[in-house]
Amino acid sequence: MTEYYDALEVRDPEERERDLFAALPKQVLQAQTAASAFAQLLDGVKPADITSREALAKLPVTRKSELLALQKARRAGDPFGGFSAIRFGPRMTRVFASPGAIYEPEGEARDYWRTARALFAAGFRGGELVHNCFSYHMTPAGSIMESGAHALGCTVFAGGTGQTEQQVEAIVDLKPAGYAGTPSFLKIIIEKAAEKGVALPSLTKALVSGEAFPPSLRDWIAERGVTGMQCYATADLGLIAYETSAREGLVLDEGVIVEIVRPGTGDPVPEGEVGEIVVTTLNPDYPLIRFGTGDLSAVLPGQCPTGRTNQRIKGWLGRADQTTKVRGMFVHPGQIAEIARRFPQVQRARLVVEGEMADDRMTLKLECANAPDGLADRIGEAIREVTKLRGAVEFVAPGNLPNDGKVIEDLRSYR
């Protein structure tokens, strides 16, 4: 594939970095002045100083897992808890719940969620009909894909979820060029069509999201005439990354700044190491600064073979929230990071919890090249101080801990 949605996709990487961080101070100022929650979270921050990744990394991370509590605490008079920079009226076209009582706005901007780029990479073009089977009920999924299709010049059939037989009937009658929705529902639709003995020859491409898209399912769909690509998007941020015809990782969207940080912290990890995806969006209506998605991934070295020059990530590699309870006490990834941070000899840390019911055992495994005498004892004291629990200390050579993003590994058996 040699075509691109726009010239931004093939910018010189240094030019892209300059452009993103030239826009960032304005976005930080917008967050401080138009979204009262960020006025508090970023109190004392000078927007003009946030012009590099190093400066950005010093700002606090606001995690999806914390957003509900933060919204509720500030909800009086504002259903968005001070995180939205727009209010009810012409600038706010819709409100969503994603999920439960986390309320988020949709603004009036064209391609508000920036998904036209992902649809284009999946082969969609203006003048086509997109059969959209993402939900239109309460969550923004349907609108996320529909707004991108409209920006691309496509017409959308609002299929939504369920009613499989009617979905098949609509595809037969309307002959859409492609499908948008979860991959599992696409499989159900194809199976229902086969059961009914009808062909779906118009359906040749798909952009899927919302769940895992393993190669086995991708190949199963391809064998039935549909080329499926995936994208990574969230209800808070819109598009974050998208797949291309190269099928080598996911290329980052042009409208976000993405960091991979050690779970439980805001500290960026080295390239290739698995960590939590933290995103700063340049959307002025909902100016999320260092928003922790709770999803794990890693940077994929090099550039996409299609010629797109933006950074790539490996895709979804699990969840970052590994909080666990040990002997009645919660232990958080951030506590393990705090312990490791106290000792410069430690390169990486991983808490392993073992045992059976009522017999929990903790071992803090630490990558350390040369452990001086007494270091294990000092770390043991830090474990007790930070977690209020006792734990063993085990040193391993650098590179020996798995690169899977886990800071806490629970191996207990409750059988």
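Helix α10 passes helix α11 in a right-handed crossing, a label used when the near helix is turned clockwise from the far one by less than a right angle, the anticlockwise case being left-handed. Both belong to a predicted model, where local features need pLDDT of at least 70 and side-chain atom pairs count only at pLDDT 80 or more, while totals for chains, interfaces and linings use all residues. Residues are numbered from 1 along each chain as its sequence is written, and side-chain values use heavy atoms, with hydrogens and water left out.

**Two helices that meet**

Two packed helices are described by the angle between their axes and the distance between the axes. Here α10 (residues 333–341) and α11 (residues 375–387) have axes that come within 10 Å and cross at roughly 145°. Axes are lines fitted to C-alpha atoms, for helices over the stretch in contact, and angles run from 0 to 180 degrees between N-to-C directions. Helices (H or I, at least four residues) and strands (E, at least two) are DSSP runs, numbered from the N terminus.

Which residues do the touching? Gln335, Glu338 and Ile339 in α10 meet Ile379, Ala382, Ile383, Val386 and Thr387 in α11, where contact means heavy atoms within 4.5 Å. By class, this contact has 5 nonpolar, 2 polar and 1 charged residues. Ala, Val, Leu, Ile, Met, Phe, Trp, Tyr, Cys and Pro count as nonpolar, Asp, Glu, Lys and Arg as charged, and the others, Gly among them, as polar.

Helix α11 also holds Asp377. Asp377 is exposed, with a relative accessible area of 56%; exposed means over 50%, buried under 20%, and partly exposed in between (1.4 Å probe, protein chains only). From Asp377 to Leu252 the C-alpha to C-alpha distance is 44 Å, and the two are 125 residues apart in sequence.

**The sheets**

Now let's look at the strands. Two strands pair if DSSP finds at least two bridges between them. An open sheet of 9 strands has the order β5-β4-β6-β7-β8-β9-β10-β15-β14, with mixed pairing. At its edges stand β5 (155–158) and β14 (299–300), each with a single partner strand, so one side of each has no neighbour in the sheet. Helix α8 (residues 183–196) packs on this sheet, touching β6 (178–181) and β7 (205–208), and its direction makes about 135° with that of β6.

An open sheet of 4 strands has the order β1-β13-β12-β11, again with mixed pairing. Its edge strands are β1 (62–63) and β11 (256–261), each with a single partner, so one side of each is left without a neighbour in the sheet. Helix α1 (residues 13–34) lies across β11 and β12, running at about 95° to β11.

Here are some strand pairs:

| Strands | Sense | Bridges |
|---|---|---|
| β2 (residues 92–97) and β3 | antiparallel | 5 bridges |
| β12 (residues 275–281) and β13 (residues 291–297) | antiparallel | 4 bridges |
| β4 (residues 129–132) and β5 | parallel | 4 bridges |

Some residues stand opposite each other in these pairs: Arg94 faces Glu106 in β3, Gly275 faces Ser297 in β13, and Val130 faces Val156 in β5. Strand β3 (residues 103–107) has 4 of its 5 residues buried, so it is largely enclosed by the rest of the structure.

**Two loop residues**

Met138, in the loop between β4 and α6 (141–152), has a positive phi of about 70° although it is not a glycine. Lys175, in the loop between α7 (164–174) and β6, has a positive phi of about 55° and is not a glycine either. Lys175 is exposed, with a relative accessible area of 56%.
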